[in-house]
Amino acid sequence: MKILVVGGGIAGSTLAYALHRAGAQAVVAEARPDIGTTGGAFLTLAPNGVNALRSIRLGDVPAAAGGFELSGLDFHNARGRRIAEIPGENDQVTYGARSVVMRRANLHTELATRARAAGVRYVHGARLVELGDHGAGLRATFADGQEFDADVVIGADGIWSAVRRLTWPDAPSPAYTGIVDCGGWASVDLPDTARQQMYFGRRAFFGYAVKDSTAYWFTNVPRADEPGRTELDDLDQRAWMDTIRRLHSDDPEVVRAVLRAADGAVGAWPVYDMPALTAWNTDRVCLIGDAAHAVSPSSGQGASLAIEDAVVLARWLTDEADPTAALTGFVGERKARAEKIVRFGRQIGDRKVASAAGSLFRDLTLGFFLRMGGKATTEQYSYRIDERPRRVTRPEAERV
Ligand SMILES: Cc1cc2nc3c(=O)[nH]c(=O)nc-3n(C[C@H](O)[C@H](O)[C@H](O)COP(=O)(O)OP(=O)(O)OC[C@H]3O[C@@H](n4cnc5c(N)ncnc54)[C@H](O)[C@@H]3O)c2cc1C
């Protein structure tokens, strides 16, 4: 089976690695000119994401990517009072792994490097613009005119997926949420934090964690108009930092101290809400990761879900000889879980936006909300990929 993976990000690189490890072949077509230009700030791999990597013998990737472990979250109000917590000290015992924070670019580079070392071919500068069926298979055409024939095409090309648009022209588009996520890192004179520290600030939500005198911070900047697709790639760093510092100027000293120290590059990406798709697959095309179910950054599950998808799809494509059965089996196994987590992330994101306006309501209801969230988190973290062979069960008559 000739498999073309469109998009060599987190999902695409993991999928290609897992396929090659299982003896299948895949080519990755990636729009960006090389791995080093993929960028991003930082992200968290949840215990389920770490366990998914372990299942394909990539358990050392988080550490190799410079990740550091955290044990839960503390929530503070705008006066700095701790109002709630999600303890994570038992995560290692309960889930077999802890959450790990790392720079996105490091995780991406590490995954792509492992895939290359396993024999995966990456074609860089390959932006998919057309996808057609010529009877005997699929033909992908790229912006530079290159063509590639394949039996199966996997859309691992992120939230603005071209594979999705070309295969399902009527599929809903992501909707801008009015929030731009910003983040970066800063050298600080602060002790390591065992947990991630979250602040419902007066005008915006803020989070940070410190490891070895480096603070990893993020904030949710409210912005009514949707930024242009490339507008945030070339930020006026100084102007953005001024805006961010102003947003948090009435928040606790530790928040202001981290932002005072943040003189390096700041990453910014608008947050979108993607409605659930009716279908993720046809008989030869399938979506994974953000292309199928972009999840709010507030859930902390984007990269973990993308990795889970990749591992499960690789199993289906290597265990089941019929591609249509493999893709249908994969979607049947994954869709409900991913969409439940998308709904959860949406609720948290809405809450962060509402919090600036209604701090009393938020303080009063946060405990209840976190208890609900605690249950969801247990379900998310405890997921383990079933290692049994994947086969579509056919009716008796068909089997003979
Ligand atoms: C540049 C960048 C920075 C990010 N920064 C952060 C961050 O700081 N924090 C965070 O939590 N999440 C960040 N994310 C999102 C996070 O990586 C994803 O939510 C998650 O990892 C899911 O991974 P994915 O592989 O599905 O999608 P992505 O990681 O978005 O990967 C999609 C890949 O497809 C490629 N692609 C897109 N269109 C085409 C096309 N037409 N043809 C070929 N290739 C194409 C993209 O260049 C990209 O490499 C970032 C994503 C990107 C692309």
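A pocket is here an open set of grid points, on a 1 Å grid over the protein atoms alone, with protein on both sides within 12 Å along at least five of seven lines; its lining residues have an atom within 4 Å of a point. The model is predicted.

**The second largest pocket**

The second largest pocket has a volume of about 220 Å³. Ten residues line the second largest pocket, and those nearest its centre are Lys 340, Ile 341, Phe 344, Ala 376 and Gln 380. Two elements, α11 (323-355) and α12 (359-381), each give two or more residues to this lining. The most comes from α11, which supplies six residues. By residue class, the lining of the second largest pocket has four nonpolar, two polar and four charged residues.

**The α2 and α10 pair**

Helix α2 (residues 47-55) packs against helix α10 (residues 302-319) at an angle of about 30°, and their axes are 8 Å apart. Angles under 35 degrees count as roughly parallel, so α2 and α10 are roughly parallel to each other. Their crossing is left-handed.

The residues that meet in the contact of α2 with α10 are listed by helix below.

| Helix | Residues in the contact |
|---|---|
| α2 | Asn 48, Gly 49, Ala 52, Leu 53, Ser 55 |
| α10 | Ser 304, Ile 307, Glu 308, Val 311, Arg 315 |

The residues of the contact of α2 with α10 divide into four nonpolar, four polar and two charged.

Key
Residues are numbered from 1 along each chain as its sequence is written. This is a predicted model: local features need pLDDT of at least 70, side-chain atom pairs count only at pLDDT 80 or more; totals for chains, interfaces and linings use all residues. Side-chain values use heavy atoms; hydrogens and water are left out. On a 1 Å grid over the protein atoms alone, a cavity is a set of points where a 1.4 Å probe fits but cannot get out, and a pocket is an open set with protein on both sides within 12 Å along at least five of seven lines; lining residues have an atom within 4 Å of a point. Grid points are joined across faces, edges and corners, and a volume is the space filled by probe spheres set on the points. Helices (H or I, at least four residues) and strands (E, at least two) are DSSP runs, numbered from the N terminus. Ala, Val, Leu, Ile, Met, Phe, Trp, Tyr, Cys and Pro count as nonpolar, Asp, Glu, Lys and Arg as charged, and the others, Gly among them, as polar. Axes are lines fitted to C-alpha atoms, for helices over the stretch in contact, and angles run from 0 to 180 degrees between N-to-C directions. Angles under 35 degrees count as roughly parallel, over 145 as roughly antiparallel, 65 to 115 as roughly perpendicular and the rest as oblique. A crossing is left-handed if the near helix is turned anticlockwise from the far one by less than a right angle, and right-handed if clockwise. Contact means heavy atoms within 4.5 Å.
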